[in-house]
Amino acid sequence: MSESPSERRRRLINLGELIALAALIVSALGVWIAWKSSSEDKAVRVVEQRPRVPLTLRATADRDGSALTIAPVDSGHALESATVTMKGSSPIELGSDGKLSASDVQTALKNRDKEDKDRAYSVPVRIDARYVEMGSDHHGGGSYILRYKWEGGGLFGSRSLRLISLSR
C-alpha cells in the first residue's frame, strides 16, 4: 500500500493541526492558572511595627525632697506598679503614680541613721515594674542608684531624710 503524495500531505496537515491544538490547550491552561492565582492574591496590608523598647525609668524630686515621682522615660510606656528593693530591707510597693516617699526610704534605711547630715549619700536599689506598652502588659526594671541626704536632727528635733535623685 503506497500513499499518494496528496494523501501524505493531508496526513502531515492533520499531524500539524493536532500539535497546534495541543499547544493551544496548554497555553489556555497556563492562562487560566495565572488568572486564578492572581484573583486569590489579596491586598497586602503593610503595618509598621515598632520594635519593643526596654523600660527605663527616671525620677523627679518634689521641691522639699519628701518624695520622688518615678516614671518611664518613653512616653509609650504606662507604669502600672513598681517595687523598690534595697539590700537588707523589705520591698517598697509603689502604685501607678510612682510616688516613692522619703519616709518609706527612711524606714528601709534604719541602720544608716548615724550618717552625717547635709551630705549626699547613695544606695543601690532594684526596681521591678509592671508596665503597658502598645496595649500589652510587660515586666521590666533594673538596678538604679538612689541619692539622699539627712536634714535636721538638732538638740530637740528629729532627723529626716530628703530624696535627691534616681539614676542608672
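1. The hairpin of E3 and E4 has five residues between its strands, and Gly88 there takes a positive phi near 80°. Strands (E, at least two residues) and helices (H or I, at least four) are DSSP runs numbered from the N terminus. E3 and E4 pair in the antiparallel sense over three bridges; two strands are said to pair if DSSP finds at least two bridges between them.

2. This is a predicted model, in which local features need pLDDT of at least 70 and side-chain atom pairs count only at pLDDT 80 or more, while totals for chains, interfaces and linings use all residues. Residues are numbered from 1 along each chain as its sequence is written, and side-chain values use heavy atoms, with hydrogens and water left out.

3. The protein has two helices and eight strands. Their order from the N terminus is α-β-β-β-β-β-α-β-β-β. Among contacts (heavy atoms within 4.5 Å) between residues at least 6 apart in sequence, 54% join residues at least 24 apart.

4. E3 also pairs with E6, in the antiparallel sense and over nine bridges. Val84 has Ile127 as its bridge partner in E6, and Val84 stands opposite Ile92 in E4.

5. Of the 168 residues, 24% are buried, where buried means under 20% relative accessible area, exposed means over 50%, and partly exposed lies in between (1.4 Å probe, protein chains only). The accessible surface comes to about 12,000 Å², and carbon and sulfur atoms account for 55% of that surface. Accessible areas come from the Shrake-Rupley method with a 1.4 Å probe; for residues, only the protein chains shown count as cover.

6. The largest nonpolar core has 29 residues, of which Leu100 and Leu146 touch the most other members. Such a core is a set of buried Ala, Val, Leu, Ile, Met, Phe, Trp, Tyr and Cys residues joined through side-chain atoms within 4.5 Å. Elements giving two or more residues to this core include strand E3 (77-86), helix H2 (102-108) and strand E7 (136-152). E6 gives the largest share, six residues. In soluble globular proteins, nonpolar side chains tend to be buried together.

7. Apart from neighbours within four places in sequence, Leu146 has contacts that include Leu68, Met86, Leu100, Val105, Val125 and Leu163.

8. Leu29, Trp32, Ile33 and Trp35 make a nonpolar surface patch of about 490 Å². Patches are made of residues with over 30% relative accessible area and no salt bridge; like charges are joined within 9 Å, nonpolar side chains (Val, Leu, Ile, Met, Phe, Trp, Tyr) within 5 Å. Leu29 lies in helix H1 (residues 5-40) and counts as partly exposed because its relative accessibility is 49%.

9. The structure holds five salt bridges, each being a side-chain nitrogen of Lys or Arg within 4 Å of a carboxyl oxygen of Asp or Glu. Arg130 forms one with Glu80, with the closest N and O atoms 2.9 Å apart. This pair links distant parts of the chain, as Arg130 in strand E6 and Glu80 in strand E3 are 50 residues apart. Arg130 is partly exposed at 38% relative accessibility, and Glu80 is partly exposed at 28%.

10. Asp128 and Arg126 form another salt bridge, their closest N and O atoms being 3.1 Å apart. Lys149 forms a salt bridge with Glu151, at 3.7 Å between the closest N and O atoms. Lys149, Glu151 and Arg162 are linked in a network of salt bridges.
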